[in-house]
Amino acid sequence: MPFILQQASSQKKTIFYTLTSAAPHTGVSFVVCKTAQNYAKQGKKVLIFDALLGLKNYPLHNPNQNKISAVLDGLTPLTELIMPQQKNIDVITGMSNCNISAIPHANQQRIKNDLQQLASNYDVVLIDLPSSITSSIFSDYENIQWVSTADQTILLKTLKKIAPFSNPSLILNQVKNHEERNASHLFIKNLVPQCQIIDFFE
């Protein structure tokens, strides 16, 4: 049985971010990609993990995807699915006849443990968690960032989801102009005052 080895003398602590949404078509994968690029420009090494592994949520072809079933079965290490996207950015994604949501919870937990061990090789791990996953073992990390458009229906649905959190973080995506951004900020702060808003586009 293969194992993933941690770096022997790593002093740094990898930061995990889970990026998710309350509705489809908010551009979570796009935000993940751009966030990874921003970290990479700072010299950080980034790993993107597709939480819908096997159904390919993250839009990138993985030439190693034929190994996904073996990884989910515990026969092959998670490292076999890593592919470089660009300098300082690696990705784990791909289409398969098996997916992470369909395997037993114990197997899912093993994948999560493998990911945490693998993370010691990176500064940042970005988990692309689509809205189609209503329950995930990857949704319990501390740094959850919600992605929403300025569309009021989607924004309201998102705010209902994040309202119970003490300091929720919300990334506004696909904002057309400053007027729409300002109106969205006012709408968000009126409903969820504790929300930390990230202006994704400057």
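Q: Which residue in S5 is the bridge partner of Phe-49?
A: Phe-49 has Ile-127 as its bridge partner in S5. This is a predicted model: local features need pLDDT of at least 70, side-chain atom pairs count only at pLDDT 80 or more, and totals for chains, interfaces and linings use all residues. Numbering starts from 1 along each chain as its sequence is written, and side-chain values use heavy atoms, leaving out hydrogens and water.

Q: Why are strands S2 and S5 called a pair?
A: Two strands pair if DSSP finds at least two bridges between them. S2 (residues 46-50) and S5 (residues 124-129) have 5 bridges, in the parallel sense. They therefore pair. Strands here are DSSP runs of E, at least two residues, and helices are runs of H or I, at least four residues, both numbered from the N terminus.

Q: What makes S3 and S8 edge strands?
A: The open sheet has 8 strands, in the order S3-S4-S2-S5-S1-S6-S7-S8, with mixed pairing. S3 (83-86) and S8 (196-199) each pair on one side only.

Q: What does it mean that helix H3 lies across S2, and at what angle does H3 run to it?
A: Contact means heavy atoms within 4.5 Å. H3 (residues 105-118) lies across S1, S2, S4 and S5, and runs at about 170° to S2. Angles run from 0 to 180 degrees between N-to-C directions, with axes fitted to C-alpha atoms, for helices over the stretch in contact.

Q: Why is the contact of Glu-80 and Lys-67 called a salt bridge?
A: The rule asks for a side-chain nitrogen of Lys or Arg within 4 Å of a carboxyl oxygen of Asp or Glu. Glu-80 and Lys-67 meet at 2.7 Å, N to O, so the pair qualifies. Glu-80 lies in the loop between H2 (68-72) and S3, Lys-67 in the loop between S2 and H2, 13 residues apart.

Q: How many salt bridges does the rule give?
A: The count comes to 3. Among them is Arg-110 with Asp-114, at 3.9 Å. Both residues lie in H3, 4 residues apart, about one turn of the helix.
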